[in-house]
Amino acid sequence: MILIFLIVVLLLGGILAAISARWSRQLPRWISLAAIAVDLVLAARIWTGRSFSASQAWYDEVNWNWIPSFGIHFHLAVDGLSFLMLILTFFIGIIAVLCSWTEIREKIGFFHFNLMWVLAGIVSVFLAMDVFLFYFAWELMLIPMYFLIVIWGHEQRVYAATKFFLFTQCSGLLMLIAILALYFMHHQSTGVYTFEYSELLGTTLSGGAELAIMLGFFVAFAVKLPVVPLHTWLPDAHTEAPTAGSVILAGLLLKTGGYGLLRFVIPLFPRAAHEFTPVALALGVIGIIYGAVMAFSQTDLKRLVAYTSVSHLGFVLLGIFSWNPLALQGAIMTMICHGLSTGALFVLVGGLQERIHTRDLNRMGGLWTVVPHLSASALFFSLASLGLPGLGDFVGEFLVLLGSYKVSVALTVVATLGILASTFYALRMMQRAFFGPNTNSWQLPDLTPREVLIMAVMIIGLLWLGFFPQPVLNTFAPAMDNLQREVQMPAAALRSEP
Amino acid sequence: MNTTMNASDTLALLPLLILAGTAIVVMLGIAVKRSHELTAGLTLTGLAASFLSACAVAPLVPRQVTSLLLIDGYALFYLGLIIASAAVVAVLSFQYFAKHDGQREELYLLLLLATLGCGVLVTSVHFASFLLGLEILSVSLYGMVAYFTGRGQALEAGIKYLILASASAAFLLFGMALIYAATGIMAFSSIRNLSLGGSDLALLLPGIALSVTGIGFKLGVVPFHLWTPDVYQGAPAPVAAFVATTSKTAVVALLLRFLGAGTHQSPAVFFLFSVIAVASMCAGNLLALRQNNVKRILAYSSIAHFGYILVAFLAGTTMGAGAVAFYLVAYTVTILAAFGIITVLSTSEADADDLEDYRGLFWRRPVLASVFTAVLLSLAGIPATMGFVGKFYILASGANAAAWPLMVVLVLTSVIGLFYYLRIVVTLFSDVPEQQFSMQELERGGAFVLGGLAVLLIGFGVYPAPLLNLIRATIGALN
């Protein structure tokens with residue numbers, strides 16, 4: 001039941017926040033913070049109340065009949081993978097509320113309504129174990145995100161929001177066709193109509209059909225992740241969104257793509273995924289290099305950070321499709337740490353824009369002397385982003401490379417060049433924005449206590465993940481074993497056949 | 001076949017008889033005392049009585065009443081939908097015409113007659129009753145579309161509808177004649193059971209093609225769609241709602257009876273409908289892109305939506321019929337809500353159909369704009385609305401029949417569709433312009449209806465099981 005509360009608290013929090021805006025400008029913010037805090041407490045209760053027996057795949061689950069005539073269940077469940085994603089969601093959610101504290105001055109109630117509902121949608125995506133419910137949540141989380149961009153975004157917001165929506169909807173509908181194809185083919189082989197994840201695992205499919213259906217799923221997740229060449233919505237959406245929107249996009253929405261690949265694509269279609277591996281790995285490496293090169297050539301600071309996401313999530317794709325323990329652990333670490341480091345960079349860019357009203361690198365320079373704390377924080381997260389050892393991102397990318405080395409040496413070498421390239425864009429950003437003479441004679445206030453708090457929390461988080469990644473990896477391990485077992489069973493069956 | 005009617009047959013016809021009786025009562029009422037409230041009240045009472053009687057006669061069915069009409073679960077389901085949507089149109093009309101002077105009462109008479117025509121269509125199993133129902137509907141609609149004789153656009157729309165509907169009826173009649181010449185039978189069931197082969201084909205296929213012209217015109221599918229945008233724009237908003245929902249629902253219900261699942265074995269008919277479906281999905285969505293008039297956008301989107309419905313029709317089987325039924329309910333609820341909002345915002349001078357009328361509506365009328373947003377998301381097929389479940393059902397029936405090309409067209413064109421729905425949503429949520437808007441009071445009737453429709457829209461979108469069960473129980477009677 002806790003799982004239901006996780007979602008309901010956010011939904012109700014959103015409604016309350018919208019209503020409370022009539023009486024106070026601060027109340028919606030506090031209500032949103034309170035709702036997420038309540039969810040964090042609930043998540044802690046799931047953690048303490050989880051069962052340790054190996055037979056129990058889930059920490060907790062809810063399974064209700066929803067639309068019986070189609071075999072659809074309202075099935076929520078949480079394992080180590082989902083749990084990590086939930087914690088990340090609540091953490092980033094709090095950051096999103098805090099970083100919009102002064103940025104959002106109009107329509108505050110409706111803003112927090114959308115913020116809470118997009119979080120609720122993301123939580124549902126991470127919890128859904130019925131494929132129909134997953135699709136339902138997958139589509140539903142787009143609407144509030146769309147509103148966040150289109151109402152509170154910057155100059156090109158309508159264009160960016162529409163592009164974002166059309167890309168995700170089109171790929172989502174292709175996934176819906178794939179889901180339905182899987183549903184009917186499962187019925188053909190077993191006589192049971194069901195959307196239940198655990199039952200669809202191990203559906204026997206002919207080779208061609210398996211590949212086609214897998215591609216339907218893959219496209220939807222590849223648009224979200226994003227995988228080059230389906231990434232073109234991302235720089236626009238990230239750049240035009242308000243800070244909280246960018247933080248949620250980078251920190252959470254992109255992660256739903258990685259989560260989908262981990263949870264659905266490879267376990268449901270192990271053989272097709274195996275055939276597809278070379279292509280996926282190549283796409284991952286292309287994304288790493290392409291994102292880094294594009295980031296290097298941007299003059300819009302926010303766009304620059306957006307392209308670094310393309311590069312970092314290339315590592316996630318590389319790790320997931322390498323599909324060995326090291327690479328998978330690296331992928332999950334990268335997903336979490338990218339959420340923190342890139343989220344923090346977006347907060348900083350947002351803060352900077354609030355002060356100087358531009359994101360143009362050419363109009364910056366010499367800011368270190370003006371806003372030393374802000375600049376130092378930016379340096380920290382740039383270093384995290386370029387993979388400095390001791391910070392979380394390094395652990396993730398290093399593990400991915402270790403894992404992918406076993407699969408393809410050549411691609412790993414090229415991917416390593418991507419880390420090198422990240423040094424260039426990160427240092428260029430620091431140099432152009434913060435070092436050098438203060439040619440524009442900026443006089444700006446430095447970080448406020450609220451911003452210091454955000455930065456401190458994120459810095460501590462990244463340091464902790466960098467030095468002590470083991471708790472995260474341990475949490476993920478049982479879930480990873482389950483996923484790998486699903487994949488190895490058909491493979492083992494194939495081997496033992498002759 | 002028996003031609004005499006017994007008491008039970010009469011009882012089974014009760015929903016239709018009540019509709020006809022109400023029309024007479026309303027006509028006499030207008031002759032005695034001209035009162036807008038009284039006429040609308042009588043109309044609603046009659047529609048409510050007819051709806052209740054449709055529920056009450058459910059245990060008696062299926063029952064063939066003469067060779068013309070068949071009252072079964074299928075007919076009763078669609079009768080219920082038609083009567084309910086007509087009642088909503090009546091409430092909206094009351095709200096709409098209260099702002100106007102002049103003789104408003106006859107509209108309800110025409111509305112009742114048109115509903116009766118729809119009722120005859122959904123129960124019809126014979127060419128004679130088919131034509132009878134269609135003409136009752138069409139003739140009433142001419143009057144309703146051109147009800148504002150003072151408005152140029154309304155007259156243009158009415159004349160356009162009159163000429164094109166008469167022409168299509170002539171095609172339909174000729175098609176019927178050809179089918180009759182080929183088979184010697186005028187009942188639908190006999191045509192469906194007939195094997196499509198041999199020498200009959202030369203007459204039968206042209207006959208079916210010509211009948212499809214008549215049906216396609218009423219549905220407004222490509223290439224018979226040219227009247228749709230003009231009639232939607234010219235007709236008063238509630239009348240446009242009736243044309244969009246009730247009359248189209250009745251014709252779709254008839255189409256399934258007429259061609260059923262059996263004719264899908266004929267490749268020529270399958271091909272014909274595939275072409276119409278694909279053309280409608282593409283043309284409807286593409287043509288809507290450049291419109292700035294909300295009514296015209298709804299018109300073009302309706303062309304696309306009936307393309308989607310034809311995909312489910314082509315998929316056939318009980319699942320396809322169920323998908324058609326669910327989608328029609330979803331579409332009816334959604335479109336009635338859309339026209340309800342247009343009605344509520346319209347003034348006595350003009351309908352609120354310009355996109356600019358809706359700029360920043362959310363910040364002026366949050367509840368109304370939220371309902372409209374839900375409507376648009378439902379039309380776009382976004383989860384938590386009925387439109388999503390309907391689209392899901394259609395795609396499911398398509399996957400069941402392995403109609404992959406049609407499904408891919410449906411998905412790609414509906415993404416195009418998303419674009420213009422989002423345009424309206426953006427307008428609703430954009431900043432309020434400087435100039436003052438006339439604030440129309442939301443009356444209780446309109447608020448009640450809109451609220452109810454919104455609850456249905458979201459309620460069945462989140463928990464569609466009850467409606468799915470009802471459809472499963474009634475539509476199963478078709479085959």
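Modeller: A residue is called buried if 20 or more other C-beta atoms lie within 10 Å of its own, exposed if 12 or fewer, and partly exposed in between, with C-beta atoms placed from the backbone. Helices (H or I, at least four residues) and strands (E, at least two) are DSSP runs numbered from the N terminus. This is a predicted model, in which local features need a pLDDT of at least 70 and side-chain atom pairs count only at pLDDT 80 or more, while totals for chains, interfaces and linings use all residues. Residues are numbered from 1 along each chain as its sequence is written, and chains are lettered from A and ligands numbered from 1 in the order in which they are written.

The part to look at is helix 16 of chain A, residues 372–385. Ten of its 14 residues are buried, so helix 16 of chain A is largely enclosed by the rest of the structure. The buried residues are A:L374, A:S375, A:S377, A:A378, A:F380, A:F381, A:S382, A:L383, A:A384 and A:S385. Their cover includes helix 13 (301–322), helix 14 (325–356), helix 15 (367–370), helix 17 (392–407), helix 18 (409–433) and helix 19 (449–467) of chain A. In length, helix 16 of chain A reaches 20 Å from its first C-alpha to its last, close to the 20 Å expected at 1.5 Å a residue; the expected span is 1.5 Å times one less than the number of residues. After this helix comes A:G387, with a positive phi near 85 degrees.

Helix 6 of chain B (residues 127–145) has 19 residues, which should span 27 Å at 1.5 Å a residue, and its end C-alpha atoms are 26 Å apart, which agrees. Its buried residues include B:F127, B:F130, B:L134, B:I136, B:L137, B:L141, B:M144 and B:V145. Among the elements covering them are strand 2 (69–71), helix 5, helix 7 (152–183), helix 10 and helix 11 (237–259) of chain B. The loop between helix 6 and helix 7 of chain B holds B:F148, which counts as partly exposed because it has 19 C-beta neighbours inside 10 Å. Leaving aside neighbours within four places in sequence, B:F148 is in contact (C-beta atoms, placed from the backbone, within 7 Å) with B:A154 and B:P236. B:F148 and B:P236 are 88 residues apart in sequence, yet 7.8 Å apart from C-alpha to C-alpha.

Back in chain A, helix 3 (residues 80–99) and helix 4 (residues 108–127) pack at an angle of about 170 degrees, with their axes 9 Å apart. Axes are lines fitted to C-alpha atoms, for helices over the stretch in contact, and angles run from 0 to 180 degrees between N-to-C directions. Helix 3 and helix 4 of chain A are therefore roughly antiparallel to each other; angles under 35 degrees count as roughly parallel, over 145 as roughly antiparallel, 65 to 115 as roughly perpendicular and the rest as oblique.

Some loops carry backbone features worth checking by eye. The peptide bond from A:L225 to A:P226 is cis, with omega near -5 degrees, and A:P226 sits in the loop between helix 9 (207–224) and helix 10 (233–240) of chain A. In chain B, a cis peptide bond joins B:V222 and B:P223, with omega about 5 degrees. B:A402 is not a glycine but has a positive phi of about 55 degrees; with 11 C-beta neighbours inside 10 Å, B:A402 counts as exposed.

As for how the chains meet, 23 residues of chain A are in contact with 22 residues of chain B. On the side of chain A that touches chain B, the largest share, 13 residues, comes from helix 7 of chain A. The residues of that side divide into 19 nonpolar, three polar and one charged. Here Ala, Val, Leu, Ile, Met, Phe, Trp, Tyr, Cys and Pro count as nonpolar, Asp, Glu, Lys and Arg as charged, and the others, Gly among them, as polar.

On confidence, the predictor gives the complex an ipTM of 0.89 and a pTM of 0.92. Where pLDDT is low, the predicted coordinates should not be read in detail.

Definitions and conventions:
Two residues are in contact if their C-beta atoms, placed from the backbone, lie within 7 Å.
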